[in-house]
Amino acid sequence: MDVRRLELLRELADRGSIAAVAAATHRTPSAVSQQLKVLEREAGVPLTERVGRGIQLTGAGEALAATARQIATAIESAEALWSEFTRAPQGTVTLSTFPTAGQMLLPGLLTMLADEPGLNVAVTDHDLDRPDWATLTPDYDIVLADSQGVPAHWSQGGLRVITLMTEPFDVAMPLGHRLAEKPVLRPADLVDEPWVGAPIGYPYDRVLDGLAAYTGRAPRVVQRIMDNLIVERLVAAGIGLAILPRFTTRIHDTGIVTRPVAGIPAERQINALLRADRAERPSVRRILELLELEGRRVQSRYQHPAHRR
């Protein structure tokens, strides 16, 4: 079987449609379809089937796509091994980030790249309405993603997940709020409070799910806002409390204070998410090393007494 046709099948598994594969690989849809038909004849079994107006992989197609991922990873590993003998990591690594991860990790990463001649990063920022960061991995070498734990479909899809850092969540409230007198909050303290929530499915929102499970009462969410800067302003105005990330929430001269909450899970992992074959590239591996280093620095910085709240 031709490796290039196997790669098209793998792209179809990841992207879900002939049109998306054609756009990503700079081919026409008819050319993609023709190559997949050739691959199907070589395999001797149906690899795709019609579903409505589109197609999906058969069981055999899914199995062969998984094999294609393994082949791509092996090829990248071999090329990486050879590159290590011939030159330092070079080239441009594409990186997708979401706003708060970018605030924490990009300044240090891009500063360190000044000492890495020939190695560059092209950054794109995303803030997804319903974040499924895995959908970005076909288009970027590294995707910065936040999660509470590792979703099953990430590993089932053959993706590599490297946890860069862990960030606690705090409860944000306006200055002078009665709960500001407590150094640590408990779920019972938060019953009956109004909330400025995040979109459903966000890690912040899942903290409110944990609060509901613990107290047996659903939190009263008066607004759902994606942008944390807007949330900070609404909290300062007394519209409601909010769950916000500790390291990037502004608490100086903003009219809000934050307090940790105990008794329920209240943290997220900042991960690097990427295809297994891209993880073998020396340039990508070096950027991952620098991201891990910066993640450790960020956590260490906020554990210093000068940054404690």
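**Close-up views of a predicted model**

**View 1. Crossing of helices α1 and α3.** Helix α1 (residues 3–15) and helix α3 (residues 29–43) have axes that come within 9 Å and cross at roughly 110°. That makes α1 roughly perpendicular to α3 (65 to 115 degrees; under 35 counts as roughly parallel, over 145 as roughly antiparallel and the rest as oblique). Axes are lines fitted to C-alpha atoms, for helices over the stretch in contact, with angles from 0 to 180 degrees between N-to-C directions. Helices (H or I, at least four residues) and strands (E, at least two) are DSSP runs numbered from the N terminus. The model is predicted: local features need pLDDT of at least 70 and side-chain atom pairs count only at pLDDT 80 or more, while totals for chains, interfaces and linings use all residues. Residues are numbered from 1 along each chain as its sequence is written, and side-chain values use heavy atoms, with hydrogens and water left out.

**View 2. Residues between α1 and α3.** From α1, Arg 5, Leu 6, Leu 8, Leu 9 and Leu 12 meet Gln 35, Leu 36, Val 38, Leu 39 and Glu 42 of α3 (contact: heavy atoms within 4.5 Å). This contact has seven nonpolar, one polar and two charged residues (Ala, Val, Leu, Ile, Met, Phe, Trp, Tyr, Cys and Pro count as nonpolar, Asp, Glu, Lys and Arg as charged, and the others, Gly among them, as polar).

**View 3. The second largest pocket.** Its volume is about 240 Å³ (the space filled by probe spheres set on grid points, which are joined across faces, edges and corners). A pocket is an open set of points on a 1 Å grid over the protein atoms alone, where a 1.4 Å probe fits, with protein on both sides within 12 Å along at least five of seven lines; lining residues have an atom within 4 Å of a point. Among the lining residues are Leu 9, Ser 33, Leu 36, Lys 37, Glu 40 and Arg 50. Two or more residues come from each of α3 and β1 (48–51), and α3 gives the largest share, four residues.

**View 4. The largest pocket.** About 290 Å³ of space lies here. Of its 21 lining residues, Pro 99, Thr 100, Asp 127, Met 226 and Asn 228 lie nearest the centre. The lining divides into eleven nonpolar, five polar and five charged residues.

**View 5. Salt bridge between Asp 139 and Arg 15.** The closest N and O atoms of this pair are 2.9 Å apart (salt bridge: a side-chain nitrogen of Lys or Arg within 4 Å of a carboxyl oxygen of Asp or Glu). Asp 139 lies in the loop between β4 (119–125) and β5 (142–147) and Arg 15 in helix α1, so the pair ties together parts 124 residues apart in sequence.
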